[in-house]
Amino acid sequence: MNKKIIIANLKLNGNLKYIKKYIKKLNKYINSKIYKIFIAPPILYLYFSNLIINNKNIKLVSQNIDKNFSGSYTGEISGKMLKDINTKYVIIGHSERKKYHKENNKTILKKIIATKKSNLIPIICIGENIEEYNKKKSKNICKKQIQYIIKNNNIKILKNTIIAYEPIWAIGTGKNADINHINKIHKYIIKYISSINKNIIKKIKIIYGGSINDKNICNIITNKYVDGLLIGKSSWKIKNFTKLLNIINNLK
Ligand code: PEP
């Protein structure tokens, strides 16, 4: 069985002392046969995190990347720099980047290209907002977001990527999507990409994100169409995150 991907997105939380404590605790969870741990600390702490991770089993994820590789782009971080410090993955298109930094399909595609060219793996976030969900447009919205990438680049760019289905209305709200909905959307993404290229889909992981907690994790992670989870709030306190990992470890 492929190991499930469990990503802790710490967002704008923590400090040097806390990240150290956090990774030390995680080091006790690295030998699971069920999951692989990914950690996305604030970018500032990626270098330090790399120094103290004592096993390749914890993968480093950047919360952002710039579309450029070098030059006059004050405040930005390039894929090559991320690669330089052993980062492996980059979250792209997160709804918070769309909301607070006005990132759109065009920027997202440029960032995916920069990520790939830097030999990093994009974690591409897609998902509908609450109005679209209520109007039963979830499938269509997800399709359009993927379609933009394919039409304006090439389906091959999706090879060896992770797609994170993150309904916007479920992020940070305490209201997760129910498993039937997740199942339906993940199956639809597989069907849509397969209809264009049957081989690429085998090289894509589809994970879910949105208000994962100790009550819903079992049901969601055990679904065969869910390759892993992107976890925000429930990962910020190491006590809560390890509780989730313990739940998965105890699955039969
Ligand atoms: C996220 O921000 O990607 C996320 C899934 O957050 P939360 O778990 O807090 O909903």
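User: How many nonpolar, polar and charged residues are in the lining of the second largest cavity?
Analyst: This is a predicted model. The lining includes Gly 93, His 94, Ser 95, Lys 98 and Glu 166. Helix H4 (95-101) and E5 each give two or more residues to this lining. By class, the count is four nonpolar, four polar and two charged.

User: Which element gives the most to the lining of the largest cavity?
Analyst: This cavity has a volume of about 60 Å³. Among its lining residues are Asn 105, Ile 124, Cys 125, Ile 126 and Gln 145. Helix H5 (105-117), strand E5 (121-126) and helix H7 (138-152) each give two or more residues. With three residues, the top contributor is E5.

User: How many cavities of 30 Å³ or more does a search of the whole structure find?
Analyst: The largest has about 60 Å³. The search total is two.

User: Which residues come nearest to the ligand?
Analyst: The shell around the ligand divides into four nonpolar, six polar and four charged residues. There are 14 residues around the ligand. Those that come nearest are Lys 11, His 94, Glu 166, Gly 172 and Ser 211.

User: What percentage of the ligand's accessible area does the protein cover?
Analyst: A polar side-chain atom of Lys 11 lies 2.4 Å from a ligand oxygen. On its own, the ligand has 300 Å² of accessible area, and the protein covers 98%.

Note on methods: Residues numbered from 1 in each chain as written. Predicted model: local features only at pLDDT ≥ 70, side-chain atom pairs only at ≥ 80, totals over all residues. Heavy atoms only, no water. Near = heavy atom within 4 Å. Polar contact = N/O pair within 3.5 Å; in protein donor to acceptor, adjacent residues only side chain to side chain. Areas by Shrake-Rupley, 256 points an atom, 1.4 Å probe, with all protein chains shown as cover. Nonpolar A, V, L, I, M, F, W, Y, C, P; charged D, E, K, R; others polar. 1 Å grid on protein atoms, 1.4 Å probe; cavity = no way out; pocket = protein on both sides within 12 Å on 5 of 7 lines; lining within 4 Å. Points joined across faces, edges and corners; volume = space filled by probe spheres on them. Helix = DSSP H or I, 4+ residues; strand = E, 2+ residues; numbered from the N terminus.
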